[in-house]
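Subject: Handover of the structure

Hello,

Here is the structure I promised to pass on. Please open it first, then read my notes below.

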Number of protein chains: 10
Amino acid sequence: MLFHVRMDVHLPADMPAAIGDEIKAREKAYSQELQRSGKWRHIWRIVGEYANYSIFDVASNAELHDILTALPLFPYMKIEVTPLCRHPSSIRESDE
Amino acid sequence: MLFHVRMDVHLPADMPAAIGDEIKAREKAYSQELQRSGKWRHIWRIVGEYANYSIFDVASNAELHDILTALPLFPYMKIEVTPLCRHPSSIRESDE
Amino acid sequence: MLFHVRMDVHLPADMPAAIGDEIKAREKAYSQELQRSGKWRHIWRIVGEYANYSIFDVASNAELHDILTALPLFPYMKIEVTPLCRHPSSIRESDE
Amino acid sequence: MLFHVRMDVHLPADMPAAIGDEIKAREKAYSQELQRSGKWRHIWRIVGEYANYSIFDVASNAELHDILTALPLFPYMKIEVTPLCRHPSSIRESDE
Amino acid sequence: MLFHVRMDVHLPADMPAAIGDEIKAREKAYSQELQRSGKWRHIWRIVGEYANYSIFDVASNAELHDILTALPLFPYMKIEVTPLCRHPSSIRESDE
Amino acid sequence: MLFHVRMDVHLPADMPAAIGDEIKAREKAYSQELQRSGKWRHIWRIVGEYANYSIFDVASNAELHDILTALPLFPYMKIEVTPLCRHPSSIRESDE
Amino acid sequence: MLFHVRMDVHLPADMPAAIGDEIKAREKAYSQELQRSGKWRHIWRIVGEYANYSIFDVASNAELHDILTALPLFPYMKIEVTPLCRHPSSIRESDE
Amino acid sequence: MLFHVRMDVHLPADMPAAIGDEIKAREKAYSQELQRSGKWRHIWRIVGEYANYSIFDVASNAELHDILTALPLFPYMKIEVTPLCRHPSSIRESDE
Amino acid sequence: MLFHVRMDVHLPADMPAAIGDEIKAREKAYSQELQRSGKWRHIWRIVGEYANYSIFDVASNAELHDILTALPLFPYMKIEVTPLCRHPSSIRESDE
Amino acid sequence: MLFHVRMDVHLPADMPAAIGDEIKAREKAYSQELQRSGKWRHIWRIVGEYANYSIFDVASNAELHDILTALPLFPYMKIEVTPLCRHPSSIRESDE
């Protein structure tokens, strides 16, 4: 089941660089593990912004919530979730 | 080069059903041709709305504009384009 | 799987009363059938508005989309869907 | 009498974890006591957000205000209240 | 129980004056009857707009909904309802 | 001359409780004095929010500005003023 | 007593030119009469828009409402009124 | 050449009163000098807000920008500029 | 003197194609004449929208207003004007 | 390929002047280098705001993202990117 997610990151201006780097490293590892598992299908950077559009493929709303709230950057993110379904014009089997 | 596009469709309430059906049939054929060519990478329906999120892979801004304005439903659409680029955490070669 | 849905209805000012009544009668029958099936868990009127908040319990995003777009009033509605999940403080088994 | 309430929580980034945990523990106990009393009918987590949609069943506006402003997390919440009433299509006796 | 209501009226540009006048006459009679009953406590015109702020005193959300949807101008109104309660600084016994 | 005023209060999270209490006590005394004088006609709490809707009866715009900017909580308020006048349907002599 | 008013005009696309011209001629005459009386202190065109910013000097809210609703273009206008008062830095006696 | 300017002031809550007073004194002197020169034509306080509407008469966009960014309160202001021109109904020679 | 202008075009759905084409032809001729004169410095299409961003170089606000309101498409446009000036980092002599 | 970019700068109120000056000096040098290379085609100050409108000419979305995120002021900016293409009425060869 697919979901469209927009994430905007706002790190506090006074966060020490070392702490920011450590959180971002954990975020990257966590994201890549979910991508390898197939649950985090796509992630694209939005040009000029510290933000991304992502597509998740999960079994339930609850699974998506657990994944998102476990993001190391979650406390610094504004997240907006939109449920998706197959478009009748789509020719791509995996887009559902 | 990837672009995120949201399309919202608003057909006039007094459009005869036959005309609406004919436009939608042309829209579907046009969309599927572009999907087969690889330019329209993804299209998903937004649940509960006459709207979609799509990902386009085109050579230039101009090519995207030509594709979008040639949509049979273009006169009835509100379109919002966001340029994308590769996310540093992405593990998917094709997501750029 | 639960979803929160807000529906706002805008009937055209020039729709004949007989047509409006017929659509609303079909809407009511359709809604009640879905309520009896357990898929449309709750529906509440928003005070002073031709709008409702509803809770749906469906197996997938696709099922919800099919239900909503089959609403007799769908062409006259603005719909906004929000995915829900169990709240850690909830004591109600059915609220998930 | 039913009310739809949306609560968004924003804890200060520099709140010590121990203080945050203590407030959340009190919030949970308070919420569950109100759920058991029947006044806080439903609470659902909004997927991907530190926010909830809730349904309250109270005797008056004043009772709802007293309940909400006594929430341990109230100083950190943005709250939006919408009065509800029975929908003419509802088949559920308790949804009024 | 008090509610704050904002009503904005938008009559169709092509409504014949005689029909508009007849609806407004019924609206006025209906409003004054409710004012005399004590249920429609206050009504003020917003300067420069075809809109009003009103205060209603009703026994329940349902009663308010029935009153508002029976307004002769209801099909042409945008209505926004806000529940009120006694302010701790108020010295006016009737403001609750 | 009547004015509708909405006031939203936002106290800094790190304001010591004693200072907050002292400001609120002065605010209450000031508000009640103005209510007794007839200038602050009504004040209602908005359910679930640290905010109020008020009605002022003053001789001029300048008098209203002086009253509002002298509120002890003024530095922590967002204030929105709307000029009112008698509604043609009003039956209440004092509502003008 | 001064008020800042923004007026945006939206004439229906199908209004015959002769009717539009007649309304505009009456609007101009009415506006100039009020300017000569001193009640309509200033009127400026907003560059690129069919809209104006105006300053009115009237004895009361009610007088302003009567003036605005008597504008020949009133049924086609969106109007927003903001009450003004003397600025403590102003050196201009008439700006109050 | 005339411009309409709205300025909203937001001083930091923790700015020492002496510093705030010094900035405001310089702001007042600077504003009055520009008023005397004829460049700052009007300034009005917006009732209930720490904000003003002003009219500037300058030779160019660049001159206006230089004037505004030299305001002692500029770092604490949100400023919105709208270019104006003579309204065809205006009878006031100086309003252009 | 430079101005940034955004124009959004909304042609009525029922405008005959021949009339639309005639207006657009006049719009193009008018735009190109102004571009040749140097007053309309730049015009770019916004990808996916019937809209443009333009840069005008005119002697005054009034000249810009006259140019914009004489656009053949003006009655069907939403226009937003922003005054510009030289950026201190600009190395381009003509960008002022 | 052209892009329209709006940048709004918000420096923290407590940033020492020396640090701010150093960042702005690097920003200016970086911007001018990109202007000389032809990638940053135009930059204009928005009158009365710490903001600019810019036009970039880059080979890809990715190149634009790299340029923008390397801005010394990037951590303090809100950036909004809009893809552009040649307008059919443009007579300027370089505007594509």
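Two strands count as paired if DSSP finds at least two bridges between them. This is a predicted model, so keep that in mind throughout.

Start with chain I. Strand β1 (residues 2-9) and strand β4 (residues 77-86) of chain I are joined by seven bridges. The two strands run antiparallel. One place to look is I:D8, whose bridge partner in β4(I) is I:K78. As background, strands of a sheet pair through backbone hydrogen bonds, either parallel or antiparallel.

Now widen the view to chains I and J. Eight strands form a closed barrel, with antiparallel pairing. Their order is β1(I)-β3(I)-β2(I)-β4(J)-β1(J)-β3(J)-β2(J)-β4(I). From one strand to the next, the twist averages 35°. Helix α2 (residues 61-69) of chain J packs on the sheet. The helix touches β1 (2-9), β3 (51-57) and β4 (77-86) of chain J. Its direction makes about 20° with that of β1(J).

Next, the interface of chains A and B. Each chain brings 29 residues to the contact. About 2,900 Å² is buried between them, and carbon and sulfur atoms give 62% of that area. On the chain B side, B:W44, B:R45 and B:H87 lose the most area to chain A. Together they make up 23% of what that side buries.

What holds charged and polar groups across this interface? The count of salt bridges between chain B and chain A is zero. Polar contacts are there, though: 18 residue pairs, both residues at pLDDT 80 or more.

Which elements of chain B touch chain A? β1 (2-9), α1 (17-37), β2 (40-46), β3 (51-57) and β4 (77-86) each supply at least two residues. β2(B) gives the most, with six residues. By type, this side of chain B has twelve nonpolar, ten polar and seven charged residues.

β2(B) also pairs with strand β4 (residues 77-86) of chain A. The pairing is antiparallel, over three bridges. There, A:R86 stands opposite B:W44.

Last, salt bridges. Over all chains, the structure holds 50. One to find is H:E49 with H:R6, where the closest N and O atoms are 3.0 Å apart. This pair links distant parts of the chain, 43 residues apart. H:E49 lies in the loop between β2 (40-46) and β3 (51-57) of chain H, while H:R6 is in strand β1 (residues 2-9).

Best wishes

Definitions and conventions: Residues numbered from 1 in each chain as written. Chains lettered and ligands numbered in written order. Predicted model: local features only at pLDDT ≥ 70, side-chain atom pairs only at ≥ 80, totals over all residues. Heavy atoms only, no water. Contact = heavy atoms within 4.5 Å. Buried area = accessible area lost by both parts, 1.4 Å probe. Salt bridge = Lys/Arg side-chain N within 4 Å of Asp/Glu carboxyl O. Polar contact = N/O pair within 3.5 Å; in protein donor to acceptor, adjacent residues only side chain to side chain. Helix = DSSP H or I, 4+ residues; strand = E, 2+ residues; numbered from the N terminus. Nonpolar A, V, L, I, M, F, W, Y, C, P; charged D, E, K, R; others polar. Axes fitted to C-alpha atoms, helices over the stretch in contact; angles between N-to-C directions.
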